[in-house]
Amino acid sequence: MVYDLALLGGTAVSGGKVFLCDIFISAGKIAAISKPSSKKKTQAKKTIDLSGKLVLPGIIDSHTHFHLKLGKNYSSDDFDNGSAAAACGGITAYIDYTGQPGGTDLVKGLEDRLSSADGKSYIDYSFHSQITGFNGLKNPEKQMKAAFKAGMTTFKMFTAYAKRGLMSRDDEFFRALEIARDIGALICVHCENGYLCDMLTDRYAPSGGIGALPMSRPAFTEIESVGRVAQIAAAVKAPVYFVHLSAAGSAASVQAAREIGVKAMAETCPHYLCLSDKMYAEDDAWLYSCCPPFRGKENNMPLWHGLDSGSIQSIASDSCSITRKMKSGWGNDIRNMPMGIPGSQTLMPAVYTYGVKQGKITIERMVECFCENPARIMGLKNKGFIKKGYDADFAIIDPFKSVKVDSGKLMHNADYSVWQGKTFYGFPDYTILRGKILVENGKFIAKKPSGKYIKRSAPEII
Ligand SMILES: [Zn+2]
């Protein structure tokens, strides 16, 4: 048999193991994995020598925002350049969100996003169904079942942003969690106490400056909200997944919930693991506006520990590019600031550099948190592992090659980076999607988008 592609002599990381192997690809799938052969001759249309390189399953970013509607504007990465940026960071699949107005049919929300993304994405993609105005949905149970059938097996809800109409009430969480439990779906929650954040924002914003951001959304507003939603999930006996945890106390809450049998899971992001609110004193600090904000440095290590010990299962980017120009109209008042930072392309390199290289987590654990767990939790069948029959998705890195981050060279449509000037390891030499090479020798070479919409299966609770 002549394979389409042979990846020879690399060091693969998958399923908690690190092993030298040759990987053979046929029709977009992993057709065979064998011990490295001493024979140079291989039966493949193309072969790549990967000796000395680490071969990871393609990274799955389960939290991103491309072409997100923000008032009259959109976030500045569209599905084309955003997915290209992601590919240049080793990502081969991402899950974005629907954004239909409250009360709108959930499947209609998916159709709208599919029509925006159609034919644009360079890597595979799916959507979480965002639920706002739960009580305004006609027959929410029927709608959630229909969304599940359409491949949106996870639902996103908020305890924050009352003024923007995104916040759900506790009784709505209770009902949504009951339905999710009954149909085998998963509720993902953005936790910040919305009423407190709004009140504190009005208190601190008028004094001006970006320093008002961390003061208006302090860590306890997240910790309280995580604890509250975990209690509701416990009462309902439903699984729950907390997005972008930023505070040590939140990780502790999730761990405590898991210890008493609550099916609580969580994700965090590189900026909460590695950066701190000290950056809000820098000249460009206004560009680093995102919610939740960067926290005190004392939160970094407990979040790494949460990943290492298993209380946090996943790492995602929460990438939401907003250009300097779009942010510049804020008039020194955070209430006018569009919140979000670019993060797809730097997602894995940041964690590889600060986590694996510095010994905070192992490479096996990084692969679990970036590939295996997101695939299992989010119901992405045939992805996340280097296994025969699985999609031939790979991020291939040279463990000794470093690059200085320069926002001007990233593919994001943003003219800044919170990582500007940092020395990063882990930018991929190759990114491969279903056997197709998107990034070769560190250069994006894909000519046209070939990402597919993924209809997801039921989440696995881990
Ligand atoms: Zn987000």
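This is a predicted model: local features need pLDDT of at least 70, side-chain atom pairs count only at pLDDT 80 or more; totals for chains, interfaces and linings use all residues.
A residue is called buried here if 20 or more other C-beta atoms lie within 10 Å of its own, exposed if 12 or fewer do, and partly exposed in between, with the C-beta atoms placed from the backbone. By that criterion, 53% of the 462 residues of the chain count as buried. Residues are numbered from 1 along each chain as its sequence is written.

Let me begin with the overall form. The C-alpha atoms fill a box of roughly 70 × 50 × 40 Å along the principal axes. The radius of gyration, taken over C-alpha atoms, can be set against a globule rule of 2.2 Å times the number of residues to the power 0.38. For 462 residues a compact globule would have a value near 23 Å, and the 21 Å of the chain agrees with this. Two residues are in contact if their C-beta atoms, placed from the backbone, lie within 7 Å. Of the contacts with a separation of 6 or more, 77% are between residues 24 or more positions apart.

I turn to the domains, whose bounds come from an automatic or database domain assignment. Domain 1 comprises 3-56 + 390-444, and domain 2 comprises 59-377. Their C-alpha centres lie 27 Å apart. Domain 1 gives 28 residues to the contact and domain 2 gives 37. On the side of domain 1 that touches domain 2, the elements giving two or more residues are β1 (3-14), β18 (423-425), β19 and β20.

As for secondary structure, helices (H or I, at least four residues) and strands (E, at least two) are DSSP runs numbered from the N terminus. The chain has 13 helices and 21 strands. Strands are said to pair if DSSP finds at least two bridges between them.

Which residues cover the two faces of β12? Leu186, Cys188 and His190 lie on one side and Ile187 and Val189 on the other, and all are buried. Strand β11 (residues 154-158) runs parallel to β12, with five bridges between them, and Phe155 stands opposite Ile187. From β11 the chain passes through helix α4 (residues 170-183) to β12 in a right-handed β-α-β crossover; with the strands pointing away from the viewer, the path from the first strand over the helix to the second runs clockwise. Three bridges pair β12 with β13 (residues 240-245), again in the parallel sense, and Val189 stands opposite Phe242 in β13.

Finally, helix α1. Eight of the nine residues of α1 (residues 79-87) are buried, so the helix is largely enclosed by the rest of the structure. Among these buried residues are Phe79, Asp80 and Gly82. The buried residues of α1 pack against β6 (59-61), β9 (91-97), α2 (106-117), β19 (430-433), β20 (436-440) and β21 (443-444).
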